[in-house]
Amino acid sequence: MIATSRRATVGFLAIAALLALTACNGLKIDAEAETIAKAAYVSLVQKDDAALIAMFEPAQRTPRAGAILPQMRALIPLSPAGADAIRAQQLDLQQRWPDG
């Protein structure tokens, strides 16, 4: 049971890592990985747990895997940061630490 929980957690962390990497402008990710990450994010945001769990490896499709989804959903900001918000944050950081 613990190993299954760890595998599910690793699966979720992998999805989160893919989502984080797709947010970085400088990194090149293959199109298939980006498509999967975006689909996983959309399923998570829209609370389509069945579609999200269908993306998991068969061994990770457990009740515990489904139980973690609300916790992951709670980590998503209520309002997504658009390009303007990100640029404003970058400018703010540059003004605070011009030598950094």
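Buried means under 20% relative accessible area, exposed over 50%, and partly exposed in between, with a 1.4 Å probe and protein chains only.

**Entry 1, ground rules.** I am working on a predicted model, where local features need pLDDT of at least 70 and side-chain atom pairs count only at pLDDT 80 or more, while totals for chains, interfaces and linings use all residues. Residues are numbered from 1 along each chain as its sequence is written, and side-chain values use heavy atoms, with hydrogens and water left out.

I looked up the secondary structure of the protein chain and found five helices and zero strands. Helices here are DSSP runs of H or I with at least four residues, strands are runs of E with at least two, and both are numbered from the N terminus. Of the 100 residues, 19% count as buried. I then checked contacts, meaning heavy atoms within 4.5 Å. Among those between residues at least 6 apart in sequence, 49% join residues at least 24 apart.

I listed the buried residues of α4 (residues 63-73): Ala 65, Ile 68, Leu 69, Met 72 and Arg 73. They cover an arc of only 140 degrees around the axis, which puts them on the same side of α4; the arc is that of the directions from the helix axis to the C-beta atoms. Pro 63 and Gln 71, on the other side of α4, are exposed.

Leaving out residues up to four places away in sequence, Phe 56 touches Phe 12, Ile 15, Arg 61 and Ala 65.

I found Ile 76 in the loop between α4 and α5 (83-96). Ile 76 is buried, at a relative accessible area of 19%. Beyond four places in sequence, Ile 76 touches Tyr 41, Leu 44 and Val 45. From Ile 76 to Val 45 the separation is 31 residues in sequence and 7.9 Å in space, C-alpha to C-alpha.

Ser 43 lies in helix α2 and is buried, with a relative accessible area of 8%. Setting aside neighbours within four places, I find Ser 43 in contact with Asp 48, Ala 51, Leu 52 and Met 55. Lys 47 sits in the loop between α2 and α3 (49-54) and is exposed, at 60% relative accessible area. Most residues other than glycine have a negative phi. I noted for Lys 47 a positive phi of about 60 degrees.

**Entry 7, second largest pocket.** A pocket is an open set of points on a 1 Å grid over the protein atoms alone, where a 1.4 Å probe fits, with protein on both sides within 12 Å along at least five of seven lines; lining residues have an atom within 4 Å of a point. I read a volume of about 220 Å³ for the second largest pocket, the volume being the space filled by probe spheres set on the points, which are joined across faces, edges and corners. α1 (2-23) and α2 (31-45) each supply at least two residues of its lining, and α1 gives the most, four residues. The lining includes Gly 11, Met 55 and Glu 57.
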